[in-house]
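Hi,

Here is the structure I said I would pass on.

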Amino acid sequence: MTTKQNFQKKLWLDLGNTRLKYWLVDNDKIIISDAKEHLKAPNELLLGLLGTLKRFEPEFVGISSVLGEKINIAITKTLENLDVPFEFAKVNTNHELLKSHYSPNELGVDRWLQMLGVVDGSRQCVVGCGTALTIDLIDRDLQSGRGVHLGGYILPNVYMQRHALYAGTQQIAVKEGRFDSTELGQTTFDAVNHGVLFGIVGAVRAIMADYPDFNITLTGGGADLLNAQFNHALKVEEGLLLLGLTRYFS
């Protein structure tokens, strides 16, 4: 159950698969915003930030975490050192702003909060560009005015796809390189990098073709990389999950 107390100074934490992002807000105004890679050690990173966060004296901490029970228990013990109330957000598929046909146990809290952050009564498509690429479609219920989650897709991001390709083949030399084009590759190296990006871009283009009246919003660390392939014409909202977290605890 979400808190009902009217705290003025709040800390919103987003614990993703690779990054820890946070907002510190005072009277709903963001006074600190930051994101750091946690290198698979999110609790150690949070411990390092604790002194900084204490100095700003938050009155409440709201958390989104996709890191699993074991790490969340460690996060809980760390946050107890702040000596302020805190709570982990949980999926509510019957929320007053957004309903979903998913079982709450089958829908990731990150996907749900991203949708909660964007829902506004119009048809929406949220593309989360994180460790996985998530695509979620939100229609509108004309009677209630609520958003209705139609469902979505989850794909590996470009880095995961490239890693899987290298791991599963014998003759392709392992190279990193940038993802900056979907043109036909003239070398095997380019064919790999351009090919995996082509697949991600193609998925978004297919959504745009199949659902032309849905507004697309990109979010997550890879949003700018993807948006570059659309000449930066798509909307990017980097803090969408944290905005959803704000709405969750409103």
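A quick definition before the helices: axes here are lines fitted to C-alpha atoms, for helices over the stretch in contact, and angles run from 0 to 180 degrees between N-to-C directions. Keep in mind that this is a predicted model.

With that in hand, take helix H3 (residues 109–118) and helix H7 (residues 240–248): they pack at about 80 degrees, and their axes are 7 Å apart. Angles of 65 to 115 degrees count as roughly perpendicular, so H3 and H7 are roughly perpendicular to each other. On the H3 side the contact is made by Asp110, Trp112, Leu113, Gln114, Leu116, Gly117 and Val118, and on the H7 side by Leu240, Leu241, Leu243, Gly244, Leu245, Arg247 and Tyr248. Sorted by class, that contact has nine nonpolar, three polar and two charged residues.

Inside it, E8 (residues 132–140) and E9 (residues 147–156) pair antiparallel over nine bridges, and Asp139 stands opposite Val148 in E9.

There is another open sheet, this one of five strands in the order E3-E2-E1-E4-E5, again with mixed pairing. Its edge strands are E3 (29–37) and E5 (86–88), each pairing on one side only. On average, neighbouring strands here are turned by 15 degrees against each other, direction ignored. E1 (residues 9–15) and E2 (residues 19–26) run antiparallel and are joined by seven bridges, with Asp14 opposite Lys21 in E2.

Two helices go with this sheet. H1 (residues 42–55) lies across E1, E2 and E3, at about 25 degrees to E2. H2 (residues 69–79) lies across E1, E4 (60–65) and E5, at about 165 degrees to E5.

The largest pocket has a volume of about 900 Å³. Its lining comprises 44 residues, with Cys129, Gly130, Thr131, Gly220 and Gly221 nearest the centre. By class, 18 of the lining residues are nonpolar, 17 polar and nine charged.

Cheers

Conventions:
Residues are numbered from 1 along each chain as its sequence is written. This is a predicted model: local features need pLDDT of at least 70, side-chain atom pairs count only at pLDDT 80 or more; totals for chains, interfaces and linings use all residues. Side-chain values use heavy atoms; hydrogens and water are left out. On a 1 Å grid over the protein atoms alone, a cavity is a set of points where a 1.4 Å probe fits but cannot get out, and a pocket is an open set with protein on both sides within 12 Å along at least five of seven lines; lining residues have an atom within 4 Å of a point. Grid points are joined across faces, edges and corners, and a volume is the space filled by probe spheres set on the points. Ala, Val, Leu, Ile, Met, Phe, Trp, Tyr, Cys and Pro count as nonpolar, Asp, Glu, Lys and Arg as charged, and the others, Gly among them, as polar. Helices (H or I, at least four residues) and strands (E, at least two) are DSSP runs, numbered from the N terminus. Angles under 35 degrees count as roughly parallel, over 145 as roughly antiparallel, 65 to 115 as roughly perpendicular and the rest as oblique. Contact means heavy atoms within 4.5 Å. Two strands pair if DSSP finds at least two bridges between them.
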